[in-house]
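Please keep the sequence and the model in view while reading.

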Amino acid sequence: MLSPLATDGKTDVGARVIDVADLSLSFVTADGPVQALSGIDLAVERGEFISFIGPSGCGKTTLLRAIADLEAPTSGAIRVNGMSPHEARASRAYGYVFQAPALYPWRSVARNIALPLEIMGYPKADRDARVAKGLELVNLTGFGKKFPWQLSGGMQQRASIARALSFDPDLLLMDEPFGALDEIVRDKLNEQLLRLWDVTKKTVLFVTHSIPEAVFLSTRIVVMSPRPGRIHDVIACDFPRNRTLDIRETPEFLEVANRVRHGLREGHSYED
Amino acid sequence: MRHFAAALYDAGPRLKANFVRPRALRATFSREAGEGIGARMKNVLPVTIVVAALLVVWYVGALVMNTPLQRDFFANAGVTNYSAEDLAIADLNMERPKLPAPHQIVAELNKTVLETAPTSKRSLVYHGLITLQETLLGFAIGSALGIALAILIVNVKVLEKSLMPWVVASQTIPIIALAPMIVVILNQFDITGILPKAVIAAYLSFFPVTVGMVKGLRSPDPLQLDLMRTYCATRAQTFLKLRAPASAPFFFASMKIGVAAALVGAVVAEVTKSEDGGLGARLLAGSYYGQTVQIWAALLTAAALSATLVGLIGLADRIVSRRMGFAR
């Protein structure tokens, strides 16, 4: 399974989860083709937390969707765990968290978390155990029987994270999961997500608009620029895994945040 | 009486609980007790006003429409010195009025529903049951066909363009023109009795079901569908776990329109093929002999039947919605 990567001559094959090489993607619209991504190169190691940040239209969501096999690249290659995105999707390699919780309103929270397990054919007893574990993981124990509308927005998004993790994928793809939530809830969920990442040792790809969120969560930050979407800079972010929100007051944090801000400014022309 | 008191006593703490429970629980509690009664009381006044206004308009209409006819009757009978009151009373109690007064229809309904044996051909219950059978059979065929077509159209893209125009075209033909032909064609195949009329009812009822269910099965939003793709779900799984449950509200709306349409179809079919009876046959006989009171009584019975069927589906809708968490 790893042979395709080995032939690329890349090193450290065992730990590489994602490999994107010279990826381009254009959409055909009524006004003609739109270049969404151009010349993207990216490698992600196991256990990393990568944030994608950039202005609207820079293709960060499209990149995540291409990795998830929800969009087809025009050219270039993507390998996920050494497989094509389609094979990776078929082997249930990743859990995806969308901008909106996308919970099914007719299912209780517990049954929403069980949805992927039902589809993948897990036996009932196993499902129940995994749902209980998932609820506990996102601090929703006791809310399993509630319907989604009975939960706050933050709780709904936590339920959707539990759903994405229920079948224990190695990879968690998150597309602005906290974008619609207020600052206070977002801070809290950021801390919880960091704990969750630390406990589960997942690899996380995280799309965001927020500089503090990206700096607080990530091991590396991918700064993207629009028209066409490309990678402007990759900024390492070496805070300890068990960081807390207090870290945001430190000069180191502010320095990284400033680098991200500069990167965004350079990559983005405000003329249009 | 004791039961009622006990129920009230029981409801006390529950109603009080409404003020301290969170929103979710409160909703469940108030659905059981409190809220329903309050809402019903609030509805009584506007409903009463509308019904009263309707009756006033009806009586005025009956007076206006029947007066010329009644004046002629008086003139023919040689009655000349009648007061306005005499005229009004006579207007509202004619045997074959142009527009029967509500109390005449109530009297006719009382006679033909309550006082006549249901086995008699003069009983509206007898005819109503015939119409009900045709309606239910036609509705069953029509909604099954409608749902099947909707599933096909949603799953096979070419059918949207190739099948849907025919579905729409089928409804542009006036049913009154088509009904006799359906009867004749089915008669060729020795299909007689209730079935031809049920087929006509089905013809009218499948269309709203198809249109509603196509919309319902397409109602999941792109994220909900993408979610299924990330799980590599099969089409059947996506259908059973997403499209079908998401279509539930559309399903019940379609069923309500479909059953009402089926009843219209059944009545039209009975007008075409009146020898077997039914409310349509009653309408035809009434108009044949100028029995306007009988026509209106049959009309109201058909309307009541339709309203009952729609109401039953509404009840099923509420029960299912609650179980599916749609009701708040």
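## An exposed aspartate in chain A

A:Asp22 lies in strand S1 (residues 16–29) of chain A, where helices (H or I, at least four residues) and strands (E, at least two) are DSSP runs numbered from the N terminus. Because 12 C-beta neighbours lie inside 10 Å, A:Asp22 counts as exposed; a residue is buried if 20 or more other C-beta atoms lie within 10 Å of its own, exposed if 12 or fewer, and partly exposed in between, with C-beta atoms placed from the backbone. Leaving aside residues up to four places away in sequence, A:Asp22 touches A:Gly39, A:Asp41 and A:Gly76, a contact being two residues whose C-beta atoms, placed from the backbone, lie within 7 Å. A:Asp22 and A:Asp41 are 19 residues apart in sequence, and their C-alpha atoms are 5.3 Å apart in space.

## Basis of the model

This is a predicted model, in which local features need pLDDT of at least 70 and side-chain atom pairs count only at pLDDT 80 or more, while totals for chains, interfaces and linings use all residues. Residues are numbered from 1 along each chain as its sequence is written, and chains are lettered from A and ligands numbered from 1 in the order in which they are written.

## The six-stranded sheet of chain A

In chain A, 6 strands form an open sheet of mixed pairing, in the order S5-S6-S7-S3-S8-S9; two strands pair if DSSP finds at least two bridges between them. Strand S5 (94–97) and strand S9 (230–236) of chain A stand at the edges with a single partner strand each, so one side of each has no neighbour in the sheet. On average, and with direction ignored, neighbouring strands of this sheet are turned by 15° against each other.

Strand S6 (residues 171–175) and strand S7 (residues 203–208) of chain A pair in the parallel sense over 5 bridges, and A:Met174 stands opposite A:Phe206 in S7(A). Helix H9 (residues 251–267) of chain A packs on the sheet, touching strand S3 (49–53), strand S8 (220–225) and S9 of chain A, and its direction makes about 170° with that of S9(A). S8(A) and S9(A) run antiparallel and are joined by 6 bridges, with A:Arg220 opposite A:Ala236 in S9(A). These two strands, S8(A) and S9(A), form a hairpin with 4 residues between them, and A:Arg227 in the turn has a positive phi of about 50°.

## A helix pair in chain A

The axes of helix H4 (residues 109–119) and helix H6 (residues 153–165) of chain A come within 7 Å and cross at roughly 30°; axes are lines fitted to C-alpha atoms, for helices over the stretch in contact, and angles run from 0 to 180 degrees between N-to-C directions. That angle makes H4(A) roughly parallel to H6(A), since angles under 35 degrees count as roughly parallel, over 145 as roughly antiparallel, 65 to 115 as roughly perpendicular and the rest as oblique. The contact is made by A:Val109, A:Asn112, A:Ile113, A:Leu115 and A:Pro116 of H4(A) and by A:Ala159, A:Ala162 and A:Arg163 of H6(A). These contact residues divide into 6 nonpolar, 1 polar and 1 charged, where Ala, Val, Leu, Ile, Met, Phe, Trp, Tyr, Cys and Pro count as nonpolar, Asp, Glu, Lys and Arg as charged, and the others, Gly among them, as polar.

## Helices of chain B

Chain B has 14 helices and 0 strands, and 29% of its 328 residues count as buried. Helix H6 (residues 124–155) and helix H12 (residues 248–272) of chain B have axes that come within 8 Å and cross at roughly 130°, which makes H6(B) oblique to H12(B). The residues of this contact divide into 8 nonpolar, 8 polar and 2 charged.

In helix H13 (residues 279–288) of chain B, B:Leu279, B:Gly280, B:Ala281, B:Arg282 and B:Leu283 are buried, and what covers the buried residues of H13(B) includes H6, H12 and helix H14 (292–323) of chain B. Just after H13(B), B:Gly290 takes a positive phi of about 65°.

## Where the chains meet

In the model, 18 residues of chain B are in contact with 20 residues of chain A. Helix H10 (222–230) and helix H11 (235–246) of chain B are the elements that give two or more residues to the side of chain B that touches chain A, and the largest share, 6 residues, comes from H10(B). The residues on this side of chain B divide into 10 nonpolar, 4 polar and 4 charged.
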